[in-house]
Amino acid sequence: MAYDASTLPDVSGLTVGIIGGTGDQGRGLAYRFARAGQSVLIGSRSAERAAQSAEEIAALPGVPAGAQVGGGGNEEVARRSDVVVIAVPWDGHAATVAALAEPLAGKIVVDCVNPLGFDKQGPYALTVAEGSAVQQAAGLLPDSRVCAAFNHVSAPLLADPEIDRIDLDVLICAEDRELVSVVAALAARIPGMRGIYAGRLRNAHQIEAFTANLIAINKRYKAHAGIRVTDL
């Protein structure tokens, strides 16, 4: 079955919260969703910092006048959002997710965290007891609908206002096919992106780990490489 964006659900009315929205990846995703007209909430441990980041994003080129971009503490954002993206550093992943289990109950949670280490030879994948970051999140959020997505999106590309299209595929790992459609529709709100089902949560480890290869590619070729799946 070929990829067909016309079959995706309408997600324009959903509020997307970004936990870790003041970091490079979270801020970049927030900008792209806001630019597409999506209602966005920036979450941070500091509500003041989140509010400031939201104001800055709302003023960036391409964001529609009157765009709904707000900020608050992580718990508030988790409660107010329909879809929540986890974009925090790996070393704070478990603690942050566990603390939000109650407000995230019943919510769609998209984990884009990559457990990587760095040494003099470059980046490398870390061993995660649960198998992957998203499996860790799923274990900590038994009442949420959890998937992995947006792991391979370059933060500099997301943040660059002169770039209108980001031509890459977002690989989505989930147990729930309906959830895949919602996240694929969110990805499609960003011009050039497609959301592609890439297997169940147990297949997320190699997707998270492959980010180390992309970093190596980017360093070698001075690029912002992503993934594009052929024959779809």
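Predicted model: local features only at pLDDT ≥ 70, side-chain atom pairs only at ≥ 80, totals over all residues.
Residues are numbered from 1 along each chain as its sequence is written. Local features need pLDDT of at least 70, side-chain atom pairs count only at pLDDT 80 or more, totals for chains, interfaces and linings use all residues, and side-chain values use heavy atoms, with hydrogens and water left out.

**Exercise 1. Classify the pair formed by the rings of Phe33 and Phe150.**

Solution. 
- Start with the rule: rings of Phe, Tyr and Trp (its six-membered ring) pair if their centres lie within 6.5 Å. Planes under 30 degrees apart are stacked, over 60 edge-to-face, and the rest tilted.
- The count by this rule is 1 aromatic pair.
- The ring centres of Phe33 and Phe150 are 5.9 Å apart and the planes stand at 90 degrees, so the pair is edge-to-face.
- Now place the partners. Phe33 lies in helix α1 (residues 24-35) and Phe150 in the loop between β8 (145-148) and α6 (155-159), so the pair ties together parts 117 residues apart in sequence. Helices (H or I, at least four residues) and strands (E, at least two) are DSSP runs, numbered from the N terminus.
- Phe33 and Phe150 are both buried. Buried means under 20% relative accessible area, exposed over 50%, and partly exposed in between (1.4 Å probe, protein chains only).

**Exercise 2. Describe how α1 packs on α2.**

Solution. 
- α1 and helix α2 (residues 47-58) pack at about 45 degrees, with axes 10 Å apart. Axes are lines fitted to C-alpha atoms, for helices over the stretch in contact; angles run from 0 to 180 degrees between N-to-C directions.
- The two helices, α1 and α2, are therefore oblique to each other. Under 35 degrees is roughly parallel, over 145 roughly antiparallel, 65 to 115 roughly perpendicular, and the rest oblique.
- On the α1 side, Arg27, Ala30, Tyr31 and Ala34 make the contact. On the α2 side, Ser53, Glu56 and Ile57 do. Contact means heavy atoms within 4.5 Å.
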